[in-house]
Every structure is written in structure tokens, then in C-alpha cells.
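I opened the model to look at two things.

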Amino acid sequence: MSPAPPRPGKDLRRHFPIFRHAREPFHFLDNAATGQICDEAAQALLHFETRARANVKRGVYRLADQATAAFDAARASMARYLGETEKNNVVFTSGATAALNIAAHGLARRLGPGDEILLTTLEHHSNIVPWQLTAERQGAVIKAIPVTDEGRLDLDHLDRLVTNETRIIATTHVSNVTGAVTDLGRLRRAADAVGAVLVVDGAQRAPHGPIDIAATGADLYAFSAHKMFAATGAGVLWGKTELLADFEPLLGGGEMIRQVTFEKTTFAPPPHRFEAGTPPIGAVLAMAAAADWLATLDWRAIAEHELGLTARLLDGLQTLPGLRIVGPSGLQGRFGVVSFDIDDIHAHDICQLTDQLEGVALRGGHHCCQPLMHRFATDATARASLAPYNDTDDIDALIRGLDQTIRMLT
Ligand code: PMP
């Protein structure tokens with residue numbers, strides 16, 4: 001019988017080297033920017049780099065063969081994390097940003113002048129700018145679904161926004177600012193009504209446990225390893241077989257070709273077509289190790305734990321004078337990402353002081369979501385974002401730090 005999974009909170013924290021090495025109180029609440037690396041991922045990375053290192057897909061000696069086999073197994077692990085049986089639908093990238101750029105480049109040939117790409121006001125710049133680059137080249141038009149005062153997608157306008165010209169709907173699965181979860185079912189139906197492709201940025205969903213990719217309704221799905229407790233430098237673009245097969249590669253180079261002559265190059269089939277050059281092998285193996293480990297955790301218990309912490313956080317924030325939550329004030333349909341501002345105290349001052357006073361790592365800024373900041377008439381918010389290793393001590397330190405900050409600066 002396999003041992004019971006670690007309990008969320010302090011028990012789980014023991015599986016993360018950074019917390020074992022911390023010499024002073026360290027309350028890490030910037031998980032939406034990057035998660036801390038877990039033991040399994042750190043060990044996989046170190047093992048590859050120090051004991052098993054060889055390039056993949058090309059060598060014929062045993063070490064290279066073993067590296068290639070490990071790389072293939074990592075693809076199968078990531079397919080399993082997505083509940084998918086076809087591992088060749090998993091493209092390894094350097095992260096969510098690269099994945100979305102491959103998607104936007106690949107879908108360009110479906111776009112002509114006047115065709116429409118529907119985004120949302122919640123999007124991270126990495127799910128806006130690649131579409132703008134493609135739209136400019138193809139003469140396509142960008143539109144955006146608005147958000148409500150609670151920082152959720154306002155889908156009342158969907159019928160008006162989706163037209164016969166809509167070719168692509170690209171949305172985040174979970175907002176990195178408000179924590180709101182997108183109603184992907186609604187967007188899938190809207191896309192189906194006009195034959196559009198649904199692209200989902202899963203960067204903030206991937207750290208919250210295995211994903212049933214079929215249930216998301218996505219045609220293409222992107223995420224980064226570093227947010228799911230693995231190393232920096234790797235990520236995934238998952239795509240439906242027929243879509244990926246139709247995509248032109250974004251990068252050309254070694255290991256993505258079938259044949260090269262000076263007259264013409266033919267490309268390897270997906271996923272290799274999108275993996276030019278030496279991939280981030282160690283980071284990919286670490287991502288797979290993290291995914292395999294994450295799949296063993298009790299996600300029902302983690303979700304309950306994080307919801308409890310989110311409730312404690314929202315309650316605590318609501319006692320502080322001058323504080324405005326930018327996003328849902330309730331617990332329904334959200335993850336533990338909470339943004340806020342406090343009167344005219346700058347978000348950077350909030351972050352610096354809570355760090356100095358209580359050892360709390362918060363994020364302050366526009367979170368690469370300037371259109372959303374504009375919607376809420378601000379240029380920056382402070383943000384606390386939770387992971388399974390957070391516990392009540394982190395939330396209480398944050399509230400204490402904010403209380404002191406407000407006293408000092410107002
Ligand atoms: N999308 C969302 C929603 C994100 O939060 C982030 C990271 N902040 C990204 C995309 C980009 O991820 P990366 O920088 O790892 O490519």
C-alpha cells in the first residue's frame with residue numbers, strides 16, 4: 001500500500017527544500033508568479049544534470065538512449081497529468097508564453113482580413129501580445145470580453161461579441177489577478193456555434209492538480225512548469241492532433257525537420273516540429289517528476305484547505321481600513337489568488353513593508369495585466385496567491401504586516 005499523501009499546509013511544506021532551508025520566518029504568498037520547487041522535481045533535475053546528462057533524440061550511445069527514453073517518458077507523464085492518452089499531443093516549450101506564441105503563430109493561416117480573435121479583459125500579456133502580432137500580420141481584429149466589478153468575465157455580452165467572423169477565442173482558465181475561474185463550457189459552446197478554436201491559458205490552473213483536458217473543452221492549452229513546483233525553463237502546449245498537424249512551426253532548427261535541402265525543408269510531425277534545437281531537458285524531466293508527484297496528492301483535501309485559507313484571507317483583508325479587493329469577495333468559482341489596493345499606498349510599498357516587517361513575499365504591480373488594471377482604474381495592485389504548502393501562519397503574518405503597514409503610512 002502506498003503511504004498516505006502529505007496533508008496540505010505545514011505537512012506538505014516539508015517536501016519543499018526552500019522551506020527546510022529557511023533561517024527566518026518565510027511566508028511565501030507569491031505562488032501565482034512562481035511556485036517553489038518540490039523535492040521530486042529538484043532531484044530529477046539534479047540527477048539528470050549530474051548523472052544522466054546527454055542530448056536527446058540524436059545520440060546512439062547508451063547514455064543518450066537513456067536520456068531520450070526519459071524525455072519520452074516525461075511526455076507520457078505530462079499526457080497523464082492532462083488525462084490524455086496521446087503523448088504526441090504534448091509539445092514541450094520553454095513555458096506558457098512560448099506555448100501561446102506557437103499557438104498564435106500556428107493559427108495565423110486560419111485568419112484573413114476582418115476575421116476576429118476574441119480575448120478577455122482578464123488576460124495576461126502573454127495571451128494578448130502574441131495574438132496582436134498575428135492579427136497585425138493577417139489583418140485580423142482583436143476584441144475582448146469585459147469583466148464585472150467582481151473581476152469575473154461578463155458573459156452577458158457573449159452573444160454580441162461572438163460573430164460569424166470569430167475564428168479564435170483565447171482565454172485564461174484562472175485569472176492571475178482575481179483568481180476567478182472561467183466558465184469554459186460557455187466559451188466552448190460559443191466557439192462551436194461559429195466554428196472557432198478555443199485556446200486556454202492554463203498557467204494558473206496547472207499548479208492545482210491534474211487536469212481533465214477533455215472536460216475543459218480546449219483545443220489548445222498552455223502552461224509553465226515553474227508555477228507547478230518544478231524548475232524554470234519548461235512548459236507545455238497541448239493541442240488536438242489535427243490542429244497541431246496543421247501548424248507551421250514558429251522556430252526552425254535542428255531536430256524539427258524531416259529533410260533539409262537548400263531548396264526546401266520538410267518538417268517532422270508534431271510534437272517534434274515545434275521543438276527546434278536542444279530542449280530544456282532537465283527542466284522537462286523535473287516538470288514530469290513534479291506532475292507525477294502532484295498526481296499522488298489528495299486534491300480534494302488541498303482544495304478544502306486552500307478555500308479555508310482564502311476565506312481567512314478575505315475576512316482578514318476586509319477588517320483593514322481603506323482596503324479594496326480587486327476581484328471576487330466571495331469563495332465561489334475562484335482559486336486562492338487575491339488582489340487588493342489600500343487607499344493611495346503604492347503596491348510596491350505594501351510589498352516591501354510586509355516583507356521587512358513579517359517576512360511575507362507578496363507581489364505588487366500590474367501582474368502583466370495592464371488592460372485589467374485599467375478596468376479597475378489603477379496601475380498596480382498587491383496580490384497574495386496560495387499554494388498547497390501555505391497555512392494559517394502565512395495568512396496571519398500577512399494580515400499583521402498589512403495592519404502595521406497601514407498604521408505606518410497613513
Ligand atoms: N498566463 C498567466 C495567467 C500567467 O499568470 C503567467 C505567468 N505570470 C503567464 C501566462 C506566463 O507564464 P510564463 O512567464 O511562465 O511563460
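**Ligand site**

I began with histidine 124, which has a polar side-chain atom 3.2 Å from a nitrogen atom of the ligand. I count a polar contact as a pair of N or O atoms within 3.5 Å; within protein, one must be able to donate a hydrogen and the other to accept it, and residues adjacent in sequence count only if both atoms are side-chain atoms.

The model is predicted, so I kept in mind that local features need pLDDT of at least 70 and side-chain atom pairs pLDDT 80 or more, while totals for chains, interfaces and linings use all residues. Residues are numbered from 1 along each chain as its sequence is written, and side-chain values use heavy atoms, with hydrogens and water left out.

Next I looked up serine 224, where a polar side-chain atom lies 2.6 Å from an oxygen atom of the ligand. For lysine 227, I noted 2.8 Å between an N or O atom of the side chain and a nitrogen atom of the ligand. On its own the ligand has 390 Å² of accessible area (Shrake-Rupley method, 1.4 Å probe), and the protein covers 84% of that.

**Domain interface**

From an automatic or database domain assignment, I took domain 1 as 10-30 + 298-409 and domain 2 as 44-294. I found their C-alpha centres 28 Å apart. In contact (heavy atoms within 4.5 Å) are 31 residues of domain 1 and 28 residues of domain 2.

The two domains bury about 2,400 Å² between them, 62% of it on carbon and sulfur atoms; this is the accessible area (1.4 Å probe) lost on being put together, summed over both. In domain 1, Trp299, Phe335 and Leu372 lose the most area to domain 2, together 28% of what that side buries.

How many salt bridges cross the interface of domain 1 and domain 2? I found one, taking a side-chain nitrogen of Lys or Arg within 4 Å of a carboxyl oxygen of Asp or Glu. I also logged 17 residue pairs in polar contact between domain 1 and domain 2.
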